[in-house]
Amino acid sequence: GDEVMKIMPVQKQTTAGQRTRFKAFIAVGDRAGHIGLGVKCAAEVSLAIRAAIGLAKISLIPVRRGYWGSRVGEPHTVPGKITGKCGSVRVRLIPAPRGTGLVAAPATKKMLELAGIRDCYTACRGHTRTMGNFIKAAFFALRATYGYLSPDLWAETHFIESPYQEHSDFLTSGKKKYE
């Protein structure tokens, strides 16, 4: 589904006065680990929204979900503490136990919902009234979920024997190589 995050008028000063256009922020998501964000400016609200939905669908990203405690059932929260930033705004997503719900500002809550995260604590810093940057910071935080290499994604380590162990038979035989 898609969600209109914000419509804001932006103005350009011309010789004949101001020219107002509308900037639309749209988030799209399947509530199952994918989310996209589209931002578009147009002379009319409906045109801006339509174009922003198109851009949001193009910018779809996967969101990694994880567990808070034991790995029982479907993943329900974020895999670790994750930060996204845009402008002065920092959005931090913190894993929460099952049943907590989304402890977040309305804008971030919508984003997390569309991404399919059910339980999450959040912490914000900076000028979150700048809604555009706030939304983008939340989006960048969700994008960072796959940026972390957590221990459960580590490749299996295959240790090789040390040279002493490998050639121990030769070393214990006491033969000199050059005779």
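Predicted model: local features only at pLDDT ≥ 70, side-chain atom pairs only at ≥ 80, totals over all residues.
Me: I'd like to begin with charged pairs. How many salt bridges does a search of the whole structure find?

Reply: The general idea is to look for a side-chain nitrogen of Lys or Arg within 4 Å of a carboxyl oxygen of Asp or Glu. Here the search finds 4 salt bridges. One of them joins the side chains of Glu 3 and Lys 110, at 4.0 Å from N to O.

Me: Which parts of the chain does that pair tie together?

Reply: Glu 3 belongs to strand S1 (residues 2-14) and Lys 110 to helix H2 (residues 106-115), so the bridge ties together parts 107 residues apart in sequence.

Me: And are Glu 3 and Lys 110 buried, exposed or partly exposed?

Reply: Glu 3 is partly exposed at 27% relative accessibility, and Lys 110 is partly exposed at 30%.

Me: Let's turn to Arg 64. Where does Arg 64 lie, and is it buried or exposed?

Reply: Look for Arg 64 in the loop between strand S4 (61-62) and strand S5 (82-86). Residues under 20% relative accessible area count as buried, and Arg 64 has 11%, so it is buried.

Me: What does the side chain of Arg 64 meet in a salt bridge?

Reply: Its partner is the side chain of Asp 152, at 3.3 Å from N to O. Asp 152 sits in the loop between helix H3 (131-143) and helix H4 (163-166), so this pair ties together parts that are 88 residues apart in sequence. Asp 152 itself is partly exposed, with a relative accessible area of 44%.

Me: Which other residues is Arg 64 in contact with, leaving aside neighbours within four places in sequence?

Reply: Besides Asp 152, the contacts of Arg 64 are Pro 79, Thr 145, Tyr 146, Tyr 148, Ser 150 and Leu 153.

Me: Which residue also forms a salt bridge with Asp 152?

Reply: That is Arg 71, whose closest N and O atoms to Asp 152 are 3.5 Å apart. This pair also links distant parts of the chain, with Arg 71 in the loop between S4 and S5 and Asp 152 in the loop between H3 and H4, 81 residues apart. Shared partners join Arg 64, Arg 71 and Asp 152 into one network. Within it, Arg 71 is exposed, with a relative accessible area of 61%.

Me: How should I read a helix such as H3, and which of its residues are buried?

Reply: An α-helix has 3.6 residues a turn, so residues three or four places apart point the same way. In H3, the buried residues are Gly 132, Phe 134, Ile 135, Ala 137, Ala 138, Phe 139, Ala 141 and Leu 142. As for length, H3 has 13 residues and reaches 18 Å from its first C-alpha to its last, close to the 18 Å expected at 1.5 Å a residue.

Me: What makes up the nonpolar surface patch of about 180 Å²?

Reply: Val 4, Ile 7 and Val 45 make it. Val 45 is in helix H1 (residues 45-58) and is partly exposed, with a relative accessible area of 32%.

Me: Finally, is Trp 68 buried or exposed, and what does it touch?

Reply: Trp 68 is exposed, at 52% relative accessible area, and lies in the loop between S4 and S5. Not counting residues up to four places away in sequence, Trp 68 touches His 76, Thr 77, Pro 95, Ala 96 and Pro 97.

Notes. Residues numbered from 1 in each chain as written. Heavy atoms only, no water. Helix = DSSP H or I, 4+ residues; strand = E, 2+ residues; numbered from the N terminus. Buried < 20%, exposed > 50% of the residue type's maximum accessible area, 1.4 Å probe, protein only. Contact = heavy atoms within 4.5 Å. Expected span 1.5 Å × (residues − 1). Patch = residues over 30% accessible without salt bridge, like charges linked within 9 Å, V, L, I, M, F, W, Y side chains within 5 Å. Areas by Shrake-Rupley, 256 points an atom, 1.4 Å probe, with all protein chains shown as cover.
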